[in-house]
Amino acid sequence: MIDSKAYLLLRHQPWRCFILLLSVCNGYRDLRVHLYNHSGGIVTPCINIDWDPDRFLHTFSCIVFGGLECIGYDPTINPLLAPLPEPIGKIQVNHNYYDILEVIFSSQGLVGHGTVCCLMRRGENEYIIKDHWVLGSKEDVLNEVIMLNNMKGVRGIPELIEHWLVEIAPGEVDKTEKYRYTTMESIEGTFRTHIQLVLKPRARPLHMFRTKAELVSAIRDIVASKYTPCNDIQNFDLPFSSSKDSG
């Protein structure tokens, strides 16, 4: 039951870095804290109100009176609660701030990349942000950045405007490992790093074509892009293709 609640919260609240839940039993005397992120879940040993009242009270106090980041909200994202058509929030990438206009895609599942794609605006320009968690070392985390830079200017490949290894404090990169008290051998290699990519141009999914001519043109561009040489690479696969929004 706790696992299902964590899954639903991550699914419907894309601004979360992790989910923090509490369970009580033994006549509300025993407390456990459950933490879930995109590397999995952990649970604390039992905290008994009779044997350890200070820790019991401290746990509840941190959750009730702590900041939103204490219960897993991303400190770089500020959702707007006012009933306005747009923007729906603001997001920080490096030292730049963008207005969030729309959530285009949000991945489902507990363990994984936790990818969220949003339409954003800064000044008069619109961009797409890909906010996700990447498994592996720093070299693995930056693999997509390196690939986009190497294919800059290739038709059909989005342009990378900027990227950021998200920091939860100056110089402290947000990693799922930081939410573990200790690293056991059984979970080595399962940790993920939080990264954001800002891309352009804005595009629409292929199924949202407005005319048959636009659909055929998009398919033609996909085929042409697939066989465009890129340095020494003669053929490469496009992970995502869509038609540009000319409006």
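**Classifications and their grounds**

Guide: Asp 50 counts as exposed, at 51% relative accessibility. Please note that the model is a predicted one.

Visitor: Why is Asp 50 called exposed?

Guide: The label exposed requires over 50% relative accessible area. Asp 50 has 51%, and it is therefore exposed.

Visitor: How do you know that Asp 50 and Arg 29 form a salt bridge?

Guide: The criterion is a side-chain nitrogen of Lys or Arg within 4 Å of a carboxyl oxygen of Asp or Glu. For Asp 50 and Arg 29 the N to O distance is 3.5 Å, so the pair qualifies. The two residues are 21 apart, with Asp 50 in the loop between strand S4 (47-48) and H2, and Arg 29 in the loop between S1 and strand S2 (30-37). Arg 29 is partly exposed at 41% relative accessibility.

Visitor: How many salt bridges does this rule give?

Guide: The count comes to 5. Among them is the pair of Asp 52 and Arg 55, whose closest N and O atoms are 3.4 Å apart. Asp 52 is partly exposed, at 26% relative accessibility. Another pair is Glu 144 with Lys 130, at 3.1 Å from N to O. Glu 144 belongs to helix H4 (residues 143-150) and Lys 130 to strand S9, so this bridge ties together parts that are 14 residues apart in sequence. The relative accessible area of Glu 144 is 24%, and the residue is partly exposed.

Visitor: What makes the pair of Phe 56 and Phe 60 tilted?

Guide: A search of the whole structure finds 2 aromatic pairs. In the pair of Phe 56 and Phe 60, the ring centres are 5.4 Å apart and the planes stand at 45 degrees. Centres within 6.5 Å make a pair, while planes under 30 degrees apart would be stacked and planes over 60 edge-to-face. Phe 56 and Phe 60 are 4 residues apart in helix H2 (residues 53-65), a separation of about one helical turn.

Visitor: Are Phe 56 and Phe 60 buried or partly exposed?

Guide: Buried means under 20% relative accessible area. Phe 56, at 9%, is therefore buried. Phe 60 has 30% and is partly exposed.

Visitor: Why is the pair of Tyr 98 and Tyr 127 called edge-to-face?

Guide: Their planes are at 85 degrees, and the label needs over 60, so edge-to-face applies. The ring centres of Tyr 98 and Tyr 127 lie 5.8 Å apart. Tyr 98 is in strand S7 (residues 96-106) and Tyr 127 in strand S9 (residues 125-135), so the pair ties together parts that are 29 residues apart in sequence. Both Tyr 98 and Tyr 127 are buried.

Visitor: How do you know that Arg 16 lies over the face of Tyr 73?

Guide: The distance part of the criterion asks for CZ of Arg within 6 Å of the ring centre. Arg 16 is placed over the face of Tyr 73 at 4.3 Å from the ring centre.

Visitor: What is noted about the backbone at Tyr 28 and at Asn 94?

Guide: Most residues other than glycine have a negative phi, and most peptide bonds are trans. Tyr 28 has phi near 65 degrees, a positive value in a residue other than glycine. Tyr 28 sits in the loop between S1 and S2 and is exposed, with 66% relative accessible area. Asn 94 has a positive phi of about 55 degrees and lies in the loop between strand S6 (89-93) and S7.

Visitor: What makes the peptide bond from Lys 200 to Pro 201 cis?

Guide: Omega of that bond is near 5 degrees, and the bond is cis. Pro 201 is in the loop between strand S13 (192-200) and strand S14 (203-205).

Definitions and conventions:
Residues numbered from 1 in each chain as written. Predicted model: local features only at pLDDT ≥ 70, side-chain atom pairs only at ≥ 80, totals over all residues. Heavy atoms only, no water. Phe/Tyr/Trp six-rings, centres within 6.5 Å; stacked < 30°, edge-to-face > 60°. Buried < 20%, exposed > 50% of the residue type's maximum accessible area, 1.4 Å probe, protein only. Lys NZ or Arg CZ within 6 Å of the ring centre and 35° of its normal.
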